[in-house]
Each structure stands twice: as structure tokens, then as C-alpha cells.
Amino acid sequence: MNRFLLPLVLIALVSLACSLTSTATPTAEIPPVETAAPPPIPIEAAAEATVSSGKAVLLFTIGMHIEPMGETAQGYKSGKGDYHQPPFFQRQVQDILVVTQIVEAHGGRMTIQAQSPFTSVAIESGNTLLADLAARGHEIALHFHEDAHLGKKPESLSVQQWCAVMKQEIALIQQASGVSIIRYWSGGNLYVDVYEAAECAGLDVNSDWKNPRLQETPLEFVGVNPWRPAGGTDGVDLSAFTQHDPNGAIIFLPEGQYDKTNFASMRRSNAAGGDEAYFEYLKQSLYASLAAADAGKVNVFHFTVHPGEFRGDPQTPFGVIEKFLTEVVDPLIASGQVQWATFSQMADAFAAWEQASPSVAPR
Ligand SMILES: [Zn+2]
């Protein structure tokens, strides 16, 4: 792919940006979505730029975790809301649409991570959100809350039991989205055999490691360069996880150059200053990640949102995300320092880099 085409593609994407639908009132219907799908981001350009331009490029996206609200496909109940309640489901569908449209207007695509009961309710009610997002170039993936699908002591279960239930959840995602290949998952973080289970279920890309009990991420796991962990972790022994295994089946995408262990949960803390302060911290972390980016390696930065999170002022829903993309991300895209890439596109760029630089340590 000729990388000089990329600015033209981005201009085309920006000009396709549609006006955002107000979310002031939850409605029972999904608003009409652009039918002319913008072209997907040409990721070969990202891999090429990273490997051959001599200039460090940071691949960037925003991931979304759709949580297990209500009774899951395996019969466990969890969460504060319930997707089986149509107004709740529709409100979250609306929120997901608005956020993805904001990201699209900036030329980006997200990795949307779902699980039951969101997927099963979408199938039962004929909701096409996940299929629509996939058609518009977003990656559809798995967010796996182990206790919501495997019960109270998931770490005591076998790889086969994990694999079977992961496959069950993936099948629901495939049915709800029409996407046949699901590669990325988040979750299952304290199960030492999670990588064997995920490989068995056909997954090969992972990130967002956070200790669900402490809501913290060890600083050993942060940074900008992906690697293939030699194994999982129980949250105490980090040695296999932090060790690179060139033959490892799973590519791990660290979140970036964060300097706090609670970066994944501080968004929920009003004491930390609320949404504005959180996005200020994201900006500092993005700049730190750019400084840490290596022209000879694949570099990534991403953060996570949940449906409805950062909704803010109803007059300008999700204004804090729009502002961050406009003021912080867009200039870096324009200068070529940052490129949008979904998680699987980041992993593909890493795999291409591995082929091109077999003797270089990934991190
Ligand atoms: Zn979650």
C-alpha cells in the first residue's frame, strides 16, 4: 500500500462524517446509520510506515468493553443493569452508536468487545448493531468476564471448560455480528492457563490486563511494544507473562506508557477529578507513549470506554471524547506520528514486523 494514499483516505473519511444523533432521550429504535460504508483503514500502511519510514509511529485505538448485565448464556446473573430490559438495552445501543460515530468522524475504528447477555439479547430482538459496526470497519471481539460465564471459582476449572465456554460466547458474537473470525479477547486475567484456553477457542490477540480484585495493572505490563507472553499469570507471579516467547500463540498489546497502576480504574474516581482529569492523564500518557515509541518496532497505545461512560452533558454527548480526538489525536494523525488501527490490525502489524526483524527483541 502506497502510504501517500493515506492522507487522501483520511480526508475522504472525514468528509463522510455524519451528524450525530442526540441521545437526550432513549428511544426504542436505532437511528438510521450511514449506508455507504467508509473504506477500512489500510493497515499495511501502518506496518510499512512503522518498519520502513525510519520515523516512530504509534498505532492507536479506543477499545470498548460491553459488560455482562443480566443473566448470561450460562445462567449466571451479574451487573447493575439488565440487557433483557429493552429500554436499558436500547439506551446502551444508542450510546455505542454515538461513540462509534464520533470515532468514525475522526477517521478511526474501534475494537468493540461483547459477551452475553448483550449478544443473546441482540440476537433475540433482531438488533443489528454489531453487524452494522462490523460493516463500517470496527473490529468485533470478546470481552470475557469469567465469573459471569464460569461461576464463582473460574480459576479452578480446566482449560477444556474455559475453551468450551469461550467458544460458546464467540458463537453468540458471530451470530449477532455476522463476523466469522473473532481474534481478540479481554478478560480471564487471573487464570494462569488463559492463553491455552484462548488459543483452543481460536483467539490470538489480547490486552487490557487488569487485576480484577485490585483494579490495578502492574507497571511490568505497561509500555508501547507488543510481545508474545510465555504464559498467563495468577496476578502474583508475573514471570511467564512478562517473558517473550517467539512461538507464543497470543500477541499481547500493552496499553501504552502509563505511570500509574490504577490507570484503568481511575476514570471512575471523582476524587481524581472526573472525566476532564482522566482525559488529561490520557493525553500525558499518549505523549509519554510517543516519546517511548521506537522507529524500529511496533508501538501501540489504547484506552478503554464502556457504553454510556463519559456521556457528560446531554447537549454535547461524549464531548470529552470528541475534544480529546480533536485537540490531541487529530494533530498527531495529521503529522503521521499516530495511526488508527484496531487491535487485530495492531497484532498484524506486529506479526509483519516479527517477519521483517526476526533477530530484534520486541520490547
Ligand atoms: Zn469488563
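Helices and strands here are DSSP runs, numbered from the N terminus, with a strand needing at least two residues. The model shown in these views is predicted.

**View 1. The whole chain at a glance.** The protein chain has 12 helices and 10 strands. Of its 363 residues, 44% count as buried. Take the contacts between residues at least 6 apart in sequence: 78% of them join residues at least 24 apart.

**View 2. Strand β1, wrapped up on both faces.**

**View 3. The partners of β1.** β1 runs parallel to β9, and 7 bridges join the two. Look for Met-64 standing opposite Val-305 of β9. β1 also pairs in the parallel sense with β10 (residues 338–340) over 3 bridges, and here Leu-58 has Val-338 as its bridge partner. With β4 (residues 111–114), the pairing is parallel too, over 3 bridges; Gly-63 faces Thr-111 there, standing opposite it.

**View 4. Zooming in on Phe-303.** Phe-303 belongs to strand β9, residues 299–305. Is Phe-303 buried or exposed? A residue counts as buried if 20 or more other C-beta atoms lie within 10 Å of its own; Phe-303 has 22 within 10 Å, so Phe-303 is buried. Leaving aside residues up to four places away in sequence, Phe-303 touches Ile-62, Glu-255 and Leu-282. Phe-60 is 243 residues away from Phe-303 in sequence, yet their C-alpha atoms are 8.8 Å apart in space.

Terms used. Residues are numbered from 1 along each chain as its sequence is written. This is a predicted model: local features need pLDDT of at least 70, side-chain atom pairs count only at pLDDT 80 or more; totals for chains, interfaces and linings use all residues. Helices (H or I, at least four residues) and strands (E, at least two) are DSSP runs, numbered from the N terminus. A residue is buried if 20 or more other C-beta atoms lie within 10 Å of its own, exposed if 12 or fewer, and partly exposed in between; C-beta atoms are placed from the backbone. Two residues are in contact if their C-beta atoms, placed from the backbone, lie within 7 Å. Two strands pair if DSSP finds at least two bridges between them.
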